[in-house]
Structures are given as structure tokens and as C-alpha cells.
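Subject: Structure for you to look at

Hello,

The structure is below, with notes on what was found in it. Please read the notes with the structure open beside them.

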Amino acid sequence: MAYIMLTLLIGMVLGVISVASNPSPYFAALGLVLVAGVGCVVLMGHGGSFLSLVLFLIYLGGMLVVFAYCAALAAEPYPEAWGEWSVLGSVLGYLLLVVGAGSWFWGGWYEGMWVPVDELIEFSVVVADSGGVALMYSLGGGLLVVSAWVLLLTLLVVLELTRGLARGALRAV
Amino acid sequence: MNPFILSILLLSLGLGTTLTFASSHWLLAWMGLEISTLAIIPLMSQHHHPRAVEATTKYFITQAAAAALILFASTTNAWITGQWDINFDLHFFPASMLTMALALKMGLAPVHFWLPEVLQGLDLTTGLILSTWQKLAPFILMCQIMPVNSSLITFLGVTSTLVGGWGGLNQTQLRKILAYSSIAHLGWMILVMQFNQQLALLALIIYIPMTFSTFMIFKTNSSTTVNTLAASWAKTPALTAITPMILLSLGGLPPLSGFMPKWMILQELTKQDIPLTASIAALSALLSLYFYLRVSYAMTLTISPNNLNATTPWRLQTTASTLPLAISATISAMLLPLAPATLALLSL
């Protein structure tokens, strides 16, 4: 199990590097799919299956799809992938950074953080993710109201930012 | 902007800061910070010209990165120490991460680079909100995590005062001058925060009326550069006479109120047996004083020539309220004799 976790976490770090190295948006979105997918499996390994499902549906199936359509509006004939030297330089730089950070945190009490193994999932009274959602609707009433307000605020903010069709830097195509 | 949207945004701005003030859980504090960021974004880009949109984008990216770092640090702290309460001391590693994240939020050196550019792209009113209200929430969080990693805090403080002084020296744009002034003042606040949070709060409480007055004065003159201030002597002679007092108060000159926090902070640093740091901070305040003096010189100490239309304008009664500026200007210039009372009030 620890080896599976290790592989997944390595995959996640590689996916993050593939996004951060600044390729064309198509390939960055592909990297994001990798990161989100692998992250969801890591989350499932810790017992957060509901949260993982919600993440897949909303993040990958909702937001990333919308982002992919927006990226298609800015399509270019020769998109830069990871083989291109400008991107490859960033990839190698970030890989070096990861190796450096790894060697910095090697040994000592940090080593316990490398591959966390799921703790006491079978013995929990309240499973972390679904139980948390239930709690938010019952005891956490105020926080629920604040979260709903924040969602409404985000909607109004986005609508206000994109109001009008052709002014400023955000324009309709 | 639609008045309903404007009121919702301003109220959410208040909600965000209030949530952060009232929270004892790191997640709620983070939520408050994010709400403030979200709410101010449309306010910043309300004029929709590319410079404003650029400032909004830069602000959003830096604040989102800082908020993500805060979330990461508090989660790491929860992992290591097992609890989320702000009142409990942090483990040293997430504490350093949190300090850097809050420094990025507030605009302390060496992560201050976004502040002058963002402030330059905004109109004066939104810039005022950014310089005053948006500093409150990260400041309170910073107060609550003290004491943490003394060398990091001292480094942030001294670098901020130096960068705030040196960076502002070559500026002709008033908003950038005020940005560097903000960096320098925050540096002073951070320096003393590790020893005495009340003095840091004093510095903030004195800084806010001073900055408010300065922004309001520039707004009254509708000027964003030092050159356009030169026409102010004919437009509003009274305001032109008062402005050097405000600016020199920002520079920390006695007998104005701005001297009060600097004096108390230097006394506290000396009591804590770090006179070298105190000397460096005091000398870097000289750098800031130079550009405040330059603005005063251009505005008041020189009666700049102009054509006949600009030297004899109609001085009609304004419809805008003059009470806020009157109150804040009085506070910024004349509070020093009340220093014992102010300090006593803050010890509560």
C-alpha cells in the first residue's frame, strides 16, 4: 500500500511540474487532469471517497471542461508541448527543485511525511469526508451560510468583471 | 457601478475582515481573507481600462498564492500539532511559512513587488481601501502568531523599512510613493510585533488616518503625480498649508503624531537590547522622509508658476463632505500630546 501511495504521489508531483513548466494551455489542462485524477486516488486511499467523487465531478467534469473550451478559443497553430526547449528548461528546473527539496527534507522527523498511510479508517465513528458534510449541515450552520454567501459573492464578482461586451481586457469573442 | 452590487461588494469586504478578526480556527480566518480578496476584485477593475485590469489580475494572483500558502501552512500545522486553533502556538515550520504568506498578503519586503504596480493601476479611492482596510486582516493574524522565528521577523521588518525608503526615492507618481510608504510603515509594525503587539497596533492605528488623509488630499486635488500637485496652492490654499503636516507626520517627524509610533518602537527595541536594529530602522526612516519632504516642497513650500486660468480658479463650495478629511488630518497631525492616553487605551 505504501508503494502504491508513493507511486501516486510521484505521479502527482510530476503532473504539477508539467503544469507549472508553462506549456500551451491544452497541455497544461492535460497535466491538471493528471494531477486531479491522481490526487483523487490519493484521497480515496485516505478514506475520502465522497470528496474524491465530488472533486472528479465538479473540478474535472465541470470546471476543467469549461476551461478547455475557453482554451480552444485561444488556439494557436504550433502549441508548445513539453518537448519544446522553452518548456523543457522549466521542467528540468522544477525537477531539480523537487530533488533539492527532497534531499533537504531527507531523514529526521520529516521522513514520516513522505508516504502517509491511512490511519484508523476502519475504527472511525465519523468518516472524515461524508461525516464532515453532514456536520456542516447540522452543527456548522453558520459556516454553511457563510459558504453559501461566498458562492453567491463569487457569482456576482465574475458577472461584474465580465459585464459589458467589448470593454477592457475581458471581451466577448 | 450598480449601487446594489457596490453595496454587496463593500459589505462583503467588511464581512471578510470581520470573519478573520473573529475567528479562532485557521480555516475560518483563511475564508475571511479570501472573501476580502474576492470582494475587492470588481472594485479594482470597475473602470475597465487595461491598466486597472492588469492591476486587478496581479493583485488576484498574489493574494490567491498567499492564501493558498496560508491554507497549506495551517494544514501542515494541523497535521503536526493536531489542532486548528489560532490561539495555540504553531510548530516552527508552518509558522515560518505562515509568516511569509502573511508578508506576501500585506506587501512586506522582500515580497512587496506587487504593491506599487497594483496601487498605480487603481483610482485613489480603491487604492485607499487597499492600503488601509485590506491590511487589517493579515495584520491581526500576524499579531496572533507571534512570537515566531525572531530572525525572520526582524529581516522582514528591516528590509521593508529599507525598501520602503529606497524604493520611494525615485518616484514621481503619488500612488507609488504611497505604496512604498505603506511598505515602510508595515516594516516598522512588524519589527515591534514580536515584542509588543500593542505598539504594532498603535503604529497601525496612527498609520491609517495618515494614509487616509493623504489619499483624500490627493483626491481633492485630483492629482496623481507630484507635478500636478503644484497647482494645488491656487485651488485649495488651506489644504495646501495642511498637507506638509500630514506628509511629515508620515515621515515620523516630531511634534506630529507620526512620531509617536516610531518613538515607542525605538524605545521598545532598545529595551529588548537590539539597538543596532533600532538604529538601522531609524536611519531608513530618513530615506522615506526625503520623498515626503519632496512632495511637500513641490506642493506647499514652492508657489509654482502657472497660466492665469490656473492661478485664479473659482473656489466654489464643494458638494463632497469635508468632515472625514478634517477629522483624519487633525488626528494625523495633532495626536502626539495625547500619547499617554493612546498608549493606555491600547494596553487594554
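**Start of chain A**

Residues 1-15 of chain A are 93% helix and 0% strand, with their end C-alpha atoms 21 Å apart. Helices (H or I, at least four residues) and strands (E, at least two) are DSSP runs, numbered from the N terminus. UniProt, in an unreviewed entry, lists these residues 1-15 of chain A as "signal peptide". UniProt positions follow the numbering used here, feature names are shortened, and annotations may be inferred rather than shown by experiment.

This is a predicted model, in which local features need pLDDT of at least 70 and side-chain atom pairs count only at pLDDT 80 or more, while totals for chains, interfaces and linings use all residues. Residues are numbered from 1 along each chain as its sequence is written, chains are lettered from A and ligands numbered from 1 in the order in which they are written, and side-chain values use heavy atoms, leaving out hydrogens and water.

**Further along chain A**

A:Asn22 sits in the loop between helix H1 (2-20) and helix H2 (25-45) of chain A. Its phi is near 65°, a positive value in a residue other than glycine.

The unreviewed UniProt entry gives "transmembrane region" for residues 25-43, 50-75, 87-108 and 143-161 of chain A. In the model, residues 25-43 of chain A are 100% helix, and their end C-alpha atoms are 26 Å apart. For residues 50-75 of chain A the values are 92% helix and 35 Å.

**Between the chains**

In chain A, 20 residues are in contact (heavy atoms within 4.5 Å) with 24 residues of chain B. The buried area, meaning the accessible area (1.4 Å probe) that two parts lose on being put together, summed over both, is about 1900 Å² between chain A and chain B, and carbon and sulfur atoms give 82% of that area. There are 0 salt bridges between chain A and chain B; a salt bridge is a side-chain nitrogen of Lys or Arg within 4 Å of a carboxyl oxygen of Asp or Glu.

**Chain B**

The whole structure has 3 salt bridges over all chains. B:Arg51 and B:Glu54 form a salt bridge at 3.9 Å, N to O. Both residues lie in helix H3 (residues 50-81) of chain B, 3 residues apart, about one turn of the helix.

Two cis peptide bonds are worth checking on screen. One runs from B:Met146 to B:Pro147, with omega near -10°, and B:Pro147 is in the loop between helix H6 (124-144) and helix H7 (150-168) of chain B. Another joins B:Pro254 and B:Pro255, with omega about 0°.

Regards
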